Each structure stands twice: as structure tokens, then as C-alpha cells.
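Open the model in a viewer and keep the sequence panel beside it. The stops below can be selected one after another.

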Amino acid sequence: MSAARPVLLMADDRASSFTRYAARSLAGGLVLLRFAEARKDLSEEYLRQTAHLPSFWVRDGVPLEDEAARYRAWSRELPVPPTRFCNPSEPRQAVAQRFASLVGLPHLTERQVKWVRDKAAMKQRFQELGLETARYASVSSVEEIEAFAERCGWPVVLKPVDSFACVDTFRLTGPGLASGMDLRSREWMVEEHLEGVEWEVCALIHGGEVLDAWPSAMPCRPLDIVDGAMNANVSVPTDEAPPVDLRAMLQRIASGMELDHGYVHMEFFVVGDKVYAGEIGVRLAGCEITANHGHAYGFDVFGATLDVYLGRRPELGYTERRCAGDLLLPLPGSGTVRRITPEEELLRLPGVIDAVLHVGAGDRVTARRASHNSSGYVHVTGASVKEVETRMRGVLDAFAIEVTSPEREDEAAGR
């Protein structure tokens with residue numbers, strides 16, 4: 001293999017559209033870094049689909065330094081060892097970047113990982129860079145939460161500093177709602193609940209430069225989504241985009257956090273004429289937000305993302321300017337799927353250009369209170385955010401899934 005085509009080591013703890021794309025397009029140029037503790041999250045089907053790729057498994061309970069030494073010996077036997085690194089996983093950001101450091105690959109430093117994983121340190125860094133944020137405080141007791149709310153007002157948002165996808169994140173509307181929670185088992189923070197409009201933005205960075213920024217509208221806020229609201233995002237390359245210089249804002253963050261390359265995903269709020277920085281991740285966006293940008297702008301967004309992780313500057317040649325969004329299909333509970341609307345029926349609905357089901361009749365499923373909880377997704381296009389949202393609600397009207405709970409199964413079996 002020529003030096004012009006570097007080999008990428010990619011952390012792989014969850015199958016996604018991006019990891020599947022990389023597995024298809026980088027055969028011979030991709031090595032997977034997997035973690036034994038995450039084995040349960042990789043399906044047998046996905047393992048078969050990626051069986052052609054070299055995979056190094058980090059053993060559970062073994063010092064990472066020892067695993068790095070074992071990797072270095074293992075990689076020397078490959079035709080070409082990896083020289084570049086990509087971590088698309090939020091929960092394994094710290095361990096994956098530390099592993100890359102130990103084996104001599106490009107990586108985020110411990111300080112950078114803290115900025116993008118510890119939400120309190122992140123907000124402090126935003127403020128140091130001159131950005132507005134919600135008021136916040138670290139807390140370890142109900143009394144501290146209520147004292148913060150007395151200063152800032154209810155509601156407040158309570159979350160672990162290292163949470164993601166709204167896991168263990170709660171909007172508290174008054175005193176006493178956090179009673180009984182264990183606030184000492186991990187680090188927690190509380191922040192004021194911002195009104196206004198919540199947006200998302202994604203960007204690619206190459207050589208420290210933000211190449212472009214792609215905003216997304218959210219028909220419903222993430223904290224409403226985990227309580228049952230429509231779970232959707234809409235990429236907005238039209239004049240409906242927020243009146244904010246997003247590229248400049250992200251460049252300030254990239255420079256201030258000393259980010260050399262990668263994909264970044266960020267939430268922010270527009271309240272009146274003020275912009276508040278929310279949270280940022282140096283990894284691909286969750287759900288199918290990244291794919292939305294490809295559909296909205298008409299370009300190979302996953303290929304461009306791989307380019308920046310491989311050290312190449314991508315050509316961002318856009319061929320479309322339309323709104324495109326992902327709608328996550330409901331997963332109403334845990335148990336056994338009895339029936340679900342098939343993909344071919346979903347593809348006949350107005351605006352639907354892609355449909356993927358993660359589950360089928362007879363599958364055992366587990367629902368979670370998380371913003372990525374779903375039975376599948378569709379991509380929907382339209383001329384405006386409103387048209388896309390209207391079409392998404394039409395999909396939800398047409399979609400049906402029936403899940404029988406374990407308790408009902410026991411009742412039916414006479415147990």
C-alpha cells in the first residue's frame with residue numbers, strides 16, 4: 001500500500017451508519033479498536049459484516065499500558081500498521097484517546113478530553129473563550145440543587161458531568177424532585193434551564209481550520225424527546241438557518257481548545273438576540289444527524305469525515321440545498337416485538353428517501369430513557385423545516401409497532 005493511503009485505527013463500540021460506511025469503503029485501510037466490555041453492544045450480524053477487517057480487542061480489567069504494548073506487537077504483523085486514529089464514541093472518549101496516545105497515534109490530550117467530556121469544565125472553557133453559557137454549578141446534594149434554584153429559578157437541569165444522549169439527565173421543576181437520588185456515586189452538575197430556541201451544529205476541522213458548519217433544527221428538545229416527544233433533527237441549508245455566524249463560533253472553540261482535526265457536534269441556544277453555547281463533542285453527532293447533512297447538501301459527508309481523520313482536506317462540493325431530517329421511530333417498551341410497519345411501506349410515504357428498521361417481529365428489545373432510543377429511523381426531505389416536520393408527523397401516524405412486555409408474556413403463558 002502506498003504512503004498516499006494511510007491506515008486508520010477506529011474505535012468501534014457501537015454499529016452506526018458511519019462505522020458501516022467506513023467498513024465498506026476502507027477495506028485494506030481500516031483497523032478496528034474494540035473493547036471487551038462493550039461486546040454486548042455489537043450484534044452478531046455486525047460482527048459478521050466487519051469480519052474482513054483486522055480487529056484488536058482491549059481486554060477488560062487489564063492495565064491499558066499492557067494492552068497498548070500488546071497492540072504494538074500485534075500491529076507490527078499487519079501489512080501496514082495504522083498511522084491515523086478516529087474515535088466516534090462519546091462514552092469511550094477518554095479511554096480511546098488515551099489508548100491512541102499510548103500507541104503513538106494522533107489523539108486528544110487529557111486536557112482536551114476534559115473540555116469535551118466534563119460538562120462543567122466545558123462550560124468554564126466556553127466562558128474563558130468569551131462565549132455565553134447557562135449558569136451552572138457542581139452539586140453533590142439535594143440541598144445544593146435547591147440553593148442553586150433559589151438563585152437562578154426553577155426549572156433547572158440536573159445531569160452527570162459525563163452524561164450523553166440525555167441519559168440520567170432531568171429537568172426539575174420544583175423542590176423535592178431529586179429526593180432519593182444518589183448524588184455521590186458520580187459527579188453531577190446543575191444548570192439553569194434556558195428558554196428560546198435550541199439548535200445543533202456540526203462541522204469538520206482540518207489543520208485547525210473549521211471548513212464549514214451545518215446547522216440543524218430540532219422540532220422537539222432532547223429532554224422532551226426522552227419523555228415521549230417526536231425524536232427528530234432537520235439539517236437546514238436554507239435561509240431558515242439561525243442568524244448566527246456558526247463557523248466563526250466554532251472556529252473560536254476549535255482554536256481555544258486546540259483542536260487540529262475531526263468532526264464536532266454542538267448544541268446551542270438562541271434566546272432573544274443572545275447566543276448561549278450548550279455542549280460540544282469531538283465525534284460524530286448522534287442518531288442520524290450526520291447523514292442528514294449529506295442528504296441536505298448533496299455530498300458524501302461520511303467520506304469527507306474520513307478524509308479529515310486520515311489527514312486529508314476534503315472537497316466539500318455541494319449539489320443540493322434542501323431540508324433533510326432523521327426521524328427516529330418509537331420503541332415504546334421492553335419485551336418482544338409482535339409486529340412493526342415494514343420498511344417498504346415507510347418508503348412509500350411523502351418525502352421519505354430512506355428507511356431502516358433495527359428490529360423485526362420476534363425480536364427481544366430493551367427500551368431506554370435516552371435520546372437515541374428507537375426501533376429504526378427514516379430520512380425525510382422537504383423544501384422547508386415545516387414541510388419536513390409535517391411529513392415526519394405523517395410517518396408517525398402511519399407507523400405501528402407492538403411490543404409485548406415480559407409480564408404480559410408470562411400472563412399469556414399462565415406463569
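Helices (H or I, at least four residues) and strands (E, at least two) are DSSP runs, numbered from the N terminus. Axes are lines fitted to C-alpha atoms, for helices over the stretch in contact, and angles run from 0 to 180 degrees between N-to-C directions. The model is predicted: local features need pLDDT of at least 70, side-chain atom pairs count only at pLDDT 80 or more, and totals for chains, interfaces and linings use all residues. Residues are numbered from 1 along each chain as its sequence is written, and side-chain values use heavy atoms, with hydrogens and water left out.

**Two packed helices**

Select residues 17–25, helix α1, and residues 301–309, helix α11; their axes are 10 Å apart, and the packing angle is about 75°. That makes α1 roughly perpendicular to α11 (65 to 115 degrees; under 35 is roughly parallel, over 145 roughly antiparallel and the rest oblique). Now show side chains: Ser17, Phe18, Tyr21, Ala22 and Ser25 of α1 meet Phe302, Gly303, Thr305 and Leu306 of α11. Contact here means heavy atoms within 4.5 Å.

**Helix α5**

Move to residues 110–117, helix α5, where Gln112, Val113, Trp115, Val116 and Arg117 are buried. Buried means under 20% relative accessible area, exposed over 50%, and partly exposed in between, with a 1.4 Å probe and protein chains only. What do these buried residues pack against? Display α4 (93–102), α6 (119–128), α9 (246–256) and β14 (274–281), which are their packing partners.

**Glu192**

Next pick Glu192 in strand β9 (residues 188–192). Glu192 counts as buried, at 14% relative accessibility. Its side chain reaches the backbone nitrogen of Arg135 at 2.9 Å, a polar contact (a pair of N or O atoms within 3.5 Å; within protein, one must be able to donate a hydrogen and the other to accept it, and residues adjacent in sequence count only if both atoms are side-chain atoms). Not counting residues up to four places away in sequence, Glu192 touches Ala134, Arg135, Phe148 and Cys152.

**Backbone exceptions**

Most residues other than glycine have a negative phi, and most peptide bonds are trans. Centre on Trp154 and Pro155, which are joined by a cis peptide bond with omega of about -5°. Pro155 sits in the loop between α7 (142–152) and β7 (156–160).

Go on to Asp168, in the loop between β7 and β8 (170–172). Phi of Asp168 is positive, near 60°, and the residue is partly exposed at 30% relative accessible area. Then select Glu258, in the loop between α9 and β13 (262–271). Glu258 has a positive phi of about 55° and is partly exposed, with a relative accessible area of 47%.

**The nine-stranded sheet**

Switch to cartoon view and follow the open sheet of nine strands, in the order β5-β14-β13-β10-β11-β12-β15-β19-β17, with mixed pairing. β5 (132–133) and β17 (352–357) stand at the edges, each with a single partner strand, so one side of each is left without a neighbour in the sheet. Strands pair if DSSP finds at least two bridges between them. Zoom in on β11 (residues 209–217) and β12 (residues 232–235), which run antiparallel and are joined by two bridges. Ser216 stands opposite Ser235 in β12.

**Asn231**

Finish at Asn231, in the loop between α8 (222–225) and β12. Is Asn231 buried or exposed? Asn231 is buried, with a relative accessible area of 8%. The side chain of Asn231 reaches the backbone oxygen of Ser371 at 2.7 Å. Leaving aside neighbours within four places in sequence, the contacts of Asn231 are Ile225, Asp326, Leu327, Leu328, Ser371 and Asn373.
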